[in-house]
Amino acid sequence: MTFRATILTLYPEMFPGHLTFSLAGKALERGQWSLDAVQIRDFAEDRHRTVDDTPAGGGAGMVLKPDILAKAIDSVSENDSRPRLLMSPRGKPLTQERVRELAGGDGVVIVCGRFEGVDQRVIDARNLEEVSIGDYVLSGGEPAALTLLDAVVRVLPGVMGNALSGTHESFENGLLEHPQYTRPQMFEGREIPAVLTSGNHAAIEKWRLEESRRLTLERRPDLIPGHPVTK
Ligand code: ADE
């Protein structure tokens with residue numbers, strides 16, 4: 001089955017962008033997923049192909065018009081059960097859990113916001129799920145959409161070469177990944193931790209779990225259930 005991604009954007013040339021490289025690029029060539037970038041401006045009907053207007057109530061910037069965006073959305077997803085996402089710093093933070101859910105479906109329709117925002121009525125009327133990739137503001141949703149797709153495509157069935165390599169990484173067990181080492185045994189006076197070359201698999205697993213816990217506590221205590229910062 002092909003996972004179908006449809007992007008609604010004012011900058012369709014930004015796609016597929018970096019997704020033609022590496023794992024995602026190979027999977028795209030093999031037809032394991034597809035990408036279609038649609039120009040929102042093509043749905044404007046006036047002479048100037050206007051897509052935005054000044055915010056009701058005043059203020060800086062421009063707002064994406066609901067009628068134009070609704071037509072664009074309907075043209076790609078009227079009889080379609082794919083989730084419709086809106087990339088926005090106001091959205092719910094993207095998690096590996098949501099990434100896996102999306103990868104288990106038929107695909108996604110992703111609206112890339114620009115300007116100061118999108119008219120709330122089209123968000124409500126078309127049931128757009130607002131998604132953020134982090135607590136910082138990009139100049140548009142396109143790099144966020146590329147990031148989300150990168151995360152989704154790599155967990156599609158059959159995309160990751162070594163299937164096991166997805167199970168030990170950050171977030172898959174709720175913790176950050178433990179440190180990794182490879183040869184040479186000695187690098188600028190620093191040795192590989194002895195336990196990793198001991199051949200004792202139980203001891204190695206124990207060390208890795210401890211390191212994961214230590215790093216998570218230090219860097220991301222918010223990931224630890226019941227930790228004071230999560231309350
Ligand atoms: N658009 C602008 N900033 C964004 C963010 N942090 N996440 C998703 N979309 C965005």
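This section describes the fold, the nonpolar cores, the ligand surroundings and the backbone geometry of a predicted model.

Residues are numbered from 1 along each chain as its sequence is written, and side-chain values rest on heavy atoms, with hydrogens and water left out. Because the model is predicted, local features need pLDDT of at least 70 and side-chain atom pairs count only at pLDDT 80 or more, whereas totals for chains, interfaces and linings use all residues.

The chain contains six helices and 10 strands; helices (H or I, at least four residues) and strands (E, at least two) are DSSP runs, numbered from the N terminus. Along the principal axes, the C-alpha atoms of the chain fill a box of roughly 70 × 45 × 35 Å. The domain assignment divides the chain into domain 1 (3-153) and domain 2 (168-231); such bounds come from an automatic or database assignment. The C-alpha centres of domain 1 and domain 2 are 35 Å apart. Of the 231 residues of the chain, 39% are buried, where buried means under 20% relative accessible area, exposed over 50%, and partly exposed in between (1.4 Å probe, protein chains only). Contact is defined as heavy atoms within 4.5 Å. Among contacts between residues at least 6 apart in sequence, 73% join residues at least 24 apart.

In soluble globular proteins, nonpolar side chains tend to be buried together. A nonpolar core is taken here as a set of buried Ala, Val, Leu, Ile, Met, Phe, Trp, Tyr and Cys residues joined through side-chain atoms within 4.5 Å. The largest such core has 28 residues, and W33, V108, I110, L148 and L149 have the most contacts inside it. At least two residues of this core come from each of β1 (3-9), α1 (22-29), β5 (84-93), α3 (96-103), β6 (107-112) and α5. Helix α5 gives the most to this core, with eight residues. W33 is in contact with T2, F3, L19, A24, A27, L28, L149, V153 and L156, leaving aside neighbours within four places in sequence. A second, separate core has 21 residues, including L10, V51, L69 and V118.

Helix α5 spans residues 142-154. Its 13 residues reach 18 Å from the first C-alpha to the last, close to the 18 Å expected at 1.5 Å a residue; the expected span is 1.5 Å times one less than the number of residues. Buried positions in α5 are E142, A144, A145, L146, L148, L149, A151, V152 and V153.

T9 is placed in strand β1 and is buried, with a relative accessible area of 0%. Not counting residues up to four places away in sequence, T9 touches F15, V38, Q39, I40, C112 and E142. V111 is found in strand β6 and counts as buried because its relative accessible area is 1%. With residues up to four places away again not counted, V111 touches L8, L69, I73, L85, L86, M87 and L128. The C-alpha atoms of V111 and D42, which are 69 residues apart along the chain, are separated by 14 Å.

There are 13 residues around the ligand, of which S88, I133, G134, Y136 and L138 come nearest; a residue is counted if one of its heavy atoms lies within 4 Å of the ligand. Polar contacts are pairs of N or O atoms within 3.5 Å; within protein, one must be able to donate a hydrogen and the other to accept it, and residues adjacent in sequence count only if both atoms are side-chain atoms. A polar backbone atom of S88 is 3.1 Å from a nitrogen atom of the ligand. For I133, a backbone N or O atom lies 3.0 Å from a nitrogen atom of the ligand. For L138, the distance from a backbone N or O atom to a nitrogen atom of the ligand is 3.0 Å.

Most residues other than glycine have a negative phi, and most peptide bonds are trans. The peptide bond from F15 to P16 is cis, with omega near -5°, and P16 lies in the loop between β1 and α1. A cis peptide bond also joins R183 and P184, with omega about 5°; P184 is in the loop between α5 and β9 (186-187). S22, although not a glycine, has a positive phi of about 55°. S22 lies in helix α1 and is exposed, with a relative accessible area of 54%. R49, also not a glycine, has a positive phi of about 55°. R49 is placed in the loop between β2 (33-39) and β3 (52-53) and counts as partly exposed, at 36% relative accessibility.
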